[in-house]
Amino acid sequence: MLNRRTLLTQTAGFAVIGLSLGKAAAASLTGSINATELGVQAGTFDDQSKAFAKLLRDANGRDMPVFLPPGTYVVSNLSLPGRVRLSGVPGATRIVYGGDGHLFMAEQADHIELSGLVFDGANRSMGDYAQGLLDLRRVGHLVVDNCQITGSGKNGLALEHAAGRIERSDVSGAADAGIYSVEASGLAITGNTVSDCGNGGILVHRWQAAEDGTMVTGNRVERIGARSGGTGQNGNGINAFRAGNVVISGNVVSDCAFSAIRANSSSNLQISDNTCSRSGETAVYSEFSFEGAVISNNIVDGAANGISIVNFNEGGRMGVCSGNIVRNLSTTGPYPADPPGFGVGIAVEADTVASNNVIENAPLYGMSIGWGPYLRNVVATGNIIRKAGTGIAVSVVEGAGTAVISDNVIDGTLNGAVVGQRWAEPVTADLTQLSNSGFAHLTVERNRVS
């Protein structure tokens, strides 16, 4: 007779069979090649490079993804085929560089996707030809997701002519930069942590000035050094160089030897909604031959200088600097300062609006407008400047262009609220206390001084 107990026993048996079939079906549906089935074994003392290379070639020929089970795989000098989809168990699948050349290198690949993997350079030296632990060049579509890249003897991730995205990954301990991209096309660098790198955090560069379009958003960048020295080439958390149409937004950047965010010769640039703490030099920089920079709604707390939009002498012009908080600046930087020195809250020079910013504790100037004759079409309005050496220093050198300084609140300055300067030397009384500035190129009006 079929009683309740028998029924339950029989149905439980069917459930076990169904579960087993379900797992098999799920494995089949994933369509992944299990690396162990093709001779790649984790945790052995043997170098897995030959077996690993054969595995990738086989997967490329079959156009299938590869799954690496947890464990450590020691490999070197792997050249990736045109199509690679390699995944593992996040934090548990480790690919360790064995030395004598490079780890992964790709040239002219269609599709490379790396996910859930740890790439460990073991701080071993790399060949002169290699740019990074992962050296990926001319990649039509690249995805690096939920990976860890650590201990590279050069850059952690080096890209050239790459399109795609780098996301949710941790890059640490690179001797040079954490992420280095040159000549990108439609690249997104999003939601990563880059830390403890020798010369740079996230670098977006081009060989010649041109549109790049990389988006650097939502990353955490911290503890970036400048081991190779210089006066700004190294030591930057996020750096754009000759790269146009770049967006740098929503990042948290701290403890960089030079700038938290530095853009050199990068036009149509947006730097917005970032938090920048304890920068060794100028926290946020747009410099040299650029046209068009919007720097808005950032927080700068601790730096030698706050925000600079400068180098009109090199063609740097056209900017908006608005809604930023800049505070707690220092007169000490990583090298002996050129005049006028460190300790400037915001510096602007040409075709720029500086409005609705709050600046506090700027020991030299709250705001610097122009440098010698390099001043043209600047409007500084609606700013609050509190506790500064000089509130606003503005150039009155022959040849300086128009500046309008109006409707600012300036409180607690030691050397005057608005002072005309010849280069680094103050040459006027406080212009807010005069009925007429005496300089045809200046309008100073309706400022509130206390």
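Ala, Val, Leu, Ile, Met, Phe, Trp, Tyr, Cys and Pro count as nonpolar here, Asp, Glu, Lys and Arg as charged, and the others, Gly among them, as polar. With that in hand, the lining of the largest pocket splits into 15 nonpolar, 14 polar and five charged residues. This is a predicted model, where local features need pLDDT of at least 70 and side-chain atom pairs count only at pLDDT 80 or more, while totals for chains, interfaces and linings use all residues. Residues are numbered from 1 along each chain as its sequence is written, and side-chain values use heavy atoms, with hydrogens and water left out.

**Overall build**
- The protein has two helices and 41 strands, taken as DSSP runs numbered from the N terminus (helices H or I, at least four residues; strands E, at least two).
- Its C-alpha atoms fill a box of roughly 105 × 60 × 30 Å along the principal axes.
- Of the 450 residues, 51% count as buried (buried is under 20% relative accessible area, exposed over 50%, partly exposed in between, with a 1.4 Å probe and protein chains only).
- Asn236 sits in strand S19 and is buried, at 2% relative accessibility.
- Asn236 and Cys256 are 20 residues apart in sequence, with their C-alpha atoms 6.0 Å apart in space.

**Pocket and cavity**
- On a 1 Å grid over the protein atoms alone, a cavity is a set of points where a 1.4 Å probe fits but cannot get out, a pocket is an open set with protein on both sides within 12 Å along at least five of seven lines, and lining residues have an atom within 4 Å of a point.
- Grid points are joined across faces, edges and corners, and a volume is the space filled by probe spheres set on the points.
- The largest pocket holds about 900 Å³ of space.
- Its lining has 34 residues, with Tyr285, Glu287, Val310, Asn311 and Tyr335 nearest the centre.
- Strands that each give at least two residues to that lining include S19 (236-244), S25 (282-287) and S33 (358-369).
- There's one cavity of 30 Å³ or more, and the largest cavity has a volume of about 70 Å³.
- Among the residues lining the largest cavity are Pro340, Tyr365, Trp371 and Trp423.
- S33 turns up here too, as S33 and strand S35 (384-395) each supply at least two residues of the cavity lining.
- That lining has seven nonpolar, five polar and no charged residues.

**Salt bridges**
- The whole structure has 25 salt bridges (a side-chain nitrogen of Lys or Arg within 4 Å of a carboxyl oxygen of Asp or Glu).
- Asp63 and Arg83 pair up at 3.0 Å, N to O; Asp63 is in the loop between helix H2 (49-62) and strand S2 (66-68) and Arg83 is in strand S5 (residues 83-88), so the pair ties together parts 20 residues apart in sequence.
- Asp63 is partly exposed at 39% relative accessibility, and Arg83 is partly exposed at 28%.
- Asp411 bridges to Arg386, with the closest N and O atoms 3.6 Å apart; this links strand S37 to strand S35 across 25 residues.
- Asp411 is partly exposed at 27% relative accessibility, as is Arg386 at 32%.
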